[in-house]
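Here is a short report on one protein model. Look over the sequence and the fold, then read on.

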Amino acid sequence: MSGPQCCENPPSLNPNSGAGHVEQLGGLSCYIAGSPQAKLAILMVSDIYGKARYEAPNLRKLADKVAAAGFYVAAPDFFYGDPYVPDKIDRPLPVWLKDHGMDKGFENTKPVIEALKSKGVSAIGAAGFCWGAKVVVELAKSDYIQAAVLLHPSFVSVDDIKGVKVPIAVLGAEIDQRSPPELIKQFEEILTSKPGVDSFVKIFPGVSHGWTLRYNLEDAGAVKCAEEAHQDMLGWFFKYVK
């Protein structure tokens with residue numbers, strides 16, 4: 001089960017933040033950024049805060065950054081307006097997850113991907129954060145996407161990594177109870193043994209689970225680490241989503 005780090009530092013919301021807009025795509029409300037004429041798309045699968053996360057300035061800022069690089073970006077609300085709320089003591093995370101399993105999230109990506117293709121998109125990459133990493137690794141076991149990036153993954157297993165069929169990058173934190181460095185290194189060993197699948201694995205020193213989205217804008221060090229991860233993610237998509 002996901003550890004307490006998954007629930008730390010819930011986002012501050014601003015539904016008006018970002019240069020993009022919200023629209024329905026594949027049956028889900030999505031934050032959309034980028035030119036509708038773009039042929040390359042990135043699907044961003046959030047952590048457990050769902051709608052709260054896609055209204056969070058840090059996620060929208062990242063989506064806008066990816067869009068500025070030439071991609072069409074979709075960040076869906078996979079939880080239908082029912083994100084995890086830490087203050088709801090009558091609905092702890094294990095209970096909430098029963099309604100919002102990663103298997104359901106995986107199934108819900110399929111119509112979103114079809115909707116992207118109907119817009120003329122010819123190649124798709126997917127980035128998964130925490131909860132979303134499990135969804136993205138499931139996509140990476142098939143031909144739904146052309147490349148994957150997992151950022152501070154939760155719920156991802158060694159067997160999941162063994163099943164990956166597309167180029168994948170794994171960005172882990174040094175301080176992470178759910179995916180500690182030892183597990184990330186296991187992922188790296190497995191991926192290195194798969195010559196047909198290109199991979200990139202990196203453990204960021206001194207950062208904690210969630211650092212790519214839950215950073216304090218006033219903390220220069222935190223911003224630098226987050227931006228380094230964002231650039232690694234973008235570099236991977238530049239290489240394989242084309």
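Are H4 and H5 parallel, perpendicular or oblique to each other? They are oblique to each other. Angles under 35 degrees count as roughly parallel, over 145 as roughly antiparallel, 65 to 115 as roughly perpendicular and the rest as oblique.

The model is predicted: local features need pLDDT of at least 70, side-chain atom pairs count only at pLDDT 80 or more, and totals for chains, interfaces and linings use all residues. Residues are numbered from 1 along each chain as its sequence is written, and side-chain values use heavy atoms, with hydrogens and water left out.

**Overview**

The protein has eight helices and eight strands. Helices (H or I, at least four residues) and strands (E, at least two) are DSSP runs, numbered from the N terminus. Of the 242 residues in the protein, 55% are buried. Buried means under 20% relative accessible area, exposed means over 50%, and partly exposed lies in between (1.4 Å probe, protein chains only). Contact means heavy atoms within 4.5 Å. Among contacts between residues at least 6 apart in sequence, 71% join residues at least 24 apart.

**Two helix pairs**

Two packed helices are described by the angle between their axes and the distance between the axes. Here axes are lines fitted to C-alpha atoms, for helices over the stretch in contact, and angles run from 0 to 180 degrees between N-to-C directions.

| Helix pair | Axes come within | Crossing angle |
|---|---|---|
| H4 (residues 102–118) and H5 (residues 131–139) | 9 Å | roughly 60° |
| H2 (residues 57–68) and H8 (residues 220–240) | 11 Å | roughly 40° |

The crossing angle of roughly 40° makes H2 oblique to H8. The crossing of H2 and H8 is right-handed. H4 also passes H5 in a right-handed crossing. A crossing is left-handed if the near helix is turned anticlockwise from the far one by less than a right angle, and right-handed if clockwise.

Which residues of H4 and H5 meet? From H4 come Met102, Gly105, Phe106, Thr109 and Ile113. From H5 come Trp131, Lys134, Val135, Glu138 and Leu139. The residues of this contact divide into six nonpolar, two polar and two charged. Ala, Val, Leu, Ile, Met, Phe, Trp, Tyr, Cys and Pro count as nonpolar; Asp, Glu, Lys and Arg count as charged; the others, Gly among them, count as polar.

In the other pair, Leu62, Lys65 and Val66 of H2 meet Glu227, His230, Gln231, Met233 and Leu234 of H8. Residues of the contact of H2 with H8 divide into four nonpolar, two polar and two charged.

Eight of its nine residues are buried, so H5 is largely enclosed by the rest of the structure. The buried residues are Trp131, Gly132, Ala133, Lys134, Val135, Val136, Val137 and Leu139.

Gly128 sits in strand E5 (residues 123–129). Its relative accessibility is 0%, so Gly128 counts as buried. Beyond its neighbours within four places in sequence, Gly128 is in contact with Val45, Ala133, Val136, Val149, Leu150 and Leu151. Gly128 and Ser154 are 26 residues apart along the chain, and their C-alpha atoms are separated by 9.6 Å.

Leu151 belongs to strand E6 (residues 147–151). Leu151 is buried too, with a relative accessible area of 0%. Not counting residues up to four places away in sequence, Leu151 touches Ala127, Gly128, Phe129, Cys130, Leu171, Thr212 and Met233. Leu151 and Ala229 are 78 residues apart in sequence, yet 8.3 Å apart in space, C-alpha to C-alpha.

**Positive phi angles**

Where does Tyr80 lie? Tyr80 is in the loop between strand E4 (72–76) and helix H3 (93–99). Its phi is near 50°, a positive value in a residue other than glycine. Tyr80 is partly exposed, with a relative accessible area of 48%.

Phe155 has a positive phi of about 70° and is not a glycine. Phe155 lies in the loop between E6 and helix H6 (158–162). At 13% relative accessibility, Phe155 counts as buried.

**Cysteines**

How many disulfides are there? A disulfide is a pair of cysteine sulfur atoms within 2.5 Å. By this rule the count is zero. Cys130 is buried, with a relative accessible area of 0%. Cys225 is partly exposed, at 21% relative accessible area.
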